[in-house]
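Open the structure in your viewer and keep the selection panel at hand. Each stop below gives a selection and then what is there.

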Amino acid sequence: MKNLQSLMAAYLFVWGIFFAYHLTVARRLARLQDEVERLKAMLKQV
Amino acid sequence: MPRGMKTSWLATAAVAALIGLAGYSALFVAPTERTMGLIQRIFYFHVPSAWTGFVAFFLVFVSSIAYLLRRRPQWDWLAVSAAEVGVACFTVVLVTGPIWAKPVWGIWWTWDARLTSTFVLWVLYVSYLLLRTLMGDPERRATVSAVFGIFAFLDVPLVYLSIWFWRTQHPQPVIGGGGLDKRMWPVFLICWAALLALMALLVRQRYRLEALCHEVQELAIDVELHSAERATEIR
Amino acid sequence: MNLARAATIILAKELRTEFRTLELLQATVVFVLVVLVLFSFTFDPTASESRRFGPGLLWLAFLFAGSLMLHPSFTREQTNETLAALRLAPIEPFAILLGKVLANFLFLLLAEVLLLPIFAVLYNVHLASVLGRLLLVLVLGTLGLTTTGTVFSAIASQARMRELLLPLLLLPVLTPALIASTEATAGLLGDPPELRQVWLAFLVAFDVLFLTATWLFGEYLLEE
């Protein structure tokens with residue numbers, strides 16, 4: 001059924017787009033958290 | 001586990017459950033529409049995504065005004081977070097629209113009122129994000145994008161009205177036509193609630209990213225200051 | 001100094017600067033001409049098609065020309081750092097913006113009026129009978145264009161890639177004004193010519209809304 005394919009595709013895109021956005025933010029968040037730890041460690045040394 | 005983390009997991013789980021419920025309702029509980037059949041179920045996320053996007057852009061509007069009046073950077077963080085999530089919402093609308101149109105009308109795109117307005121809106125806020133990317137100084141960036149954010153939102157009703165009037169004079173195939181059966185409303189509202197909850201979660205996450213960015217900058221300055229102090233001390 | 005006087009002084013300064021060389025006006029007129037001619041190459045319209053698409057093409061041309069012409073409004077101040085001097089003057093910041101808006105408005109309107117007869121010839125439209133009402137549409141549409149354009153010129157001048165950024169910011173926002181102006185113009189060029197009130201109301205609403213927004217928030221763009 002062609003309509004079913006389109007329906008599935010649409011739902012995949014809906015969640016896919018939101019999830020992809022979530023992932024990009026999460027990745028940057030993790031990287032920045034590492035950076036914060038690194039800087040805090042440097043401050044303790046100095 | 002620190003308290004912040006715990007509420008985060010709880011919130012995520014709640015939103016996930018709500019989304020699951022919404023998806024299930026849209027796919028199985030909602031009655032099948034007479035003329036379009038299965039494909040009409042896209043509607044339950046296509047339209048609420050637009051509404052959620054509006055709420056997000058309204059947030060940008062309010063935060064922009066608040067920033068100009070109060071000058072606290074937190075308002076700017078909220079503005080950019082809401083703008084990005086809003087763009088994500090409207091991206092969903094612009095992608096699901098053609099997926100709906102192809103089986104129903106046989107064409108991918110139609111310059112109907114809703115899709116055209118959505119497209120303009122999408123470009124508008126992408127420009128907002130682009131403007132921010134092209135500015136370096138955080139305070140200038142916050143001020144300037146706040147002004148643009150205000151103008152952009154003021155334009156939104158005019159965009160919709162003008163395109164709607166224009167389309168009534170030059171009609172085209174309409175995506176998602178047909179009214180809502182009484183039984184469809186609850187499903188529609190559940191889906192909208194789920195998307196609003198998701199929006200809140202995503203905005204909060206993006207806000208944290210912005211706050212962290214700020215913290216990193218402050219820490220970097222601290223490190224520089226302290227190493228400079230130490231250097232003079234040793235001498 | 002009250003707002004009207006301050007704005008008039010700024011307006012006079014802008015006009016004097018421009019009329020010294022007139023290069024911006026010349027460039028704008030030539031640009032619109034080129035756009036109109038290019039359109040006829042790409043679309044190769046018949047006589048009736050010309051009349052149908054004419055209004056839209058005219059306003060698109062004005063839009064492109066406007067967004068190029070608005071660019072120097074603030075970048076000119078940047079090269080000589082004259083904006084700081086303006087800010088020091090005992091006038092409210094909105095006067096600076098208003099003066100620039102009016103100057104840009106008068107220039108663009110002048111360019112449009114100069115181009116109307118050429119447009120009428122190239123696209124086979126009769127403007128004589130509707131000239132007054134057409135001018136009204138031109139005034140309202142151009143005011144919307146220059147109000148938002150001047151504000152966005154101030155915005156873009158503070159960012160990188162400002163030549164590209166100004167049209168990118170301006171054109172989406174101007175969509176309602178573009179639609180309204182085109183539809184109003186098309187109504188006037190129709191048979192029989194009618195002035196569609198709806199679109200006039202839109203243009204008035206657009207202008208009032210964004211002039212007010214400029215008054216409320218524009219000054220933040222002129223800060224140090």
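**Before you start**

This is a predicted model, in which local features need pLDDT of at least 70 and side-chain atom pairs count only at pLDDT 80 or more, while totals for chains, interfaces and linings use all residues. Residues are numbered from 1 along each chain as its sequence is written, chains are lettered from A and ligands numbered from 1 in the order in which they are written, and side-chain values use heavy atoms, with hydrogens and water left out.

**Stop 1: C:Q158**

Select C:Q158. It sits in the loop between helix 7 (131–156) and helix 8 (162–173) of chain C. Helices here are DSSP runs of H or I with at least four residues, numbered from the N terminus. Is C:Q158 buried or exposed? It counts as buried, because its relative accessibility is 17%. The classes are buried under 20% relative accessible area, exposed over 50% and partly exposed in between, with a 1.4 Å probe and protein chains only.

Now show what surrounds C:Q158. Leaving out residues up to four places away in sequence, it touches B:M135, B:R140, B:V144, C:Q78 and C:L221. Contact means heavy atoms within 4.5 Å. Draw a distance from the C:Q158 side chain to the backbone oxygen of C:L221: it is 2.8 Å.

**Stop 2: chain C against chain B**

Select both chains. Here 30 residues of chain C are in contact with 32 residues of chain B. The two chains bury about 2900 Å² between them, and 76% of that is on carbon and sulfur atoms. Buried area is the accessible area (1.4 Å probe) that two parts lose on being put together, summed over both.

How many salt bridges are there between chain C and chain B? The count is one. Select C:E223 and B:R71: they form a salt bridge, with the closest N and O atoms 2.7 Å apart. The term means a side-chain nitrogen of Lys or Arg within 4 Å of a carboxyl oxygen of Asp or Glu.

Stay on chain C and colour the side that touches chain B. Helix 7, helix 8, helix 9 (175–189) and helix 10 (197–217) of chain C each give two or more residues to that side. Helix 10 gives the most, with nine residues. By class, the side has 22 nonpolar, three polar and five charged residues. Nonpolar covers Ala, Val, Leu, Ile, Met, Phe, Trp, Tyr, Cys and Pro; charged covers Asp, Glu, Lys and Arg; the others, Gly among them, are polar.

**Stop 3: across to chain A**

The whole structure has 13 salt bridges over all chains. One of them pairs B:E215 with A:K40, closest N and O atoms 3.8 Å apart. B:E215 lies in helix 6 (residues 184–234) of chain B and A:K40 in helix 1 (residues 2–45) of chain A, so the pair joins two chains. B:E215 is partly exposed at 31% relative accessible area. A:K40 is partly exposed too, at 39%.

**Stop 4**

Select C:E14. This residue is buried, with a relative accessible area of 2%. It forms a salt bridge with C:K13, closest N and O atoms 3.2 Å apart. C:K13 counts as partly exposed at 25%.

Finally, select C:K13, C:E14, C:R76, C:E77 and C:K100 together: salt bridges that share partners join them into one network.

Methods
Polar contact = N/O pair within 3.5 Å; in protein donor to acceptor, adjacent residues only side chain to side chain.
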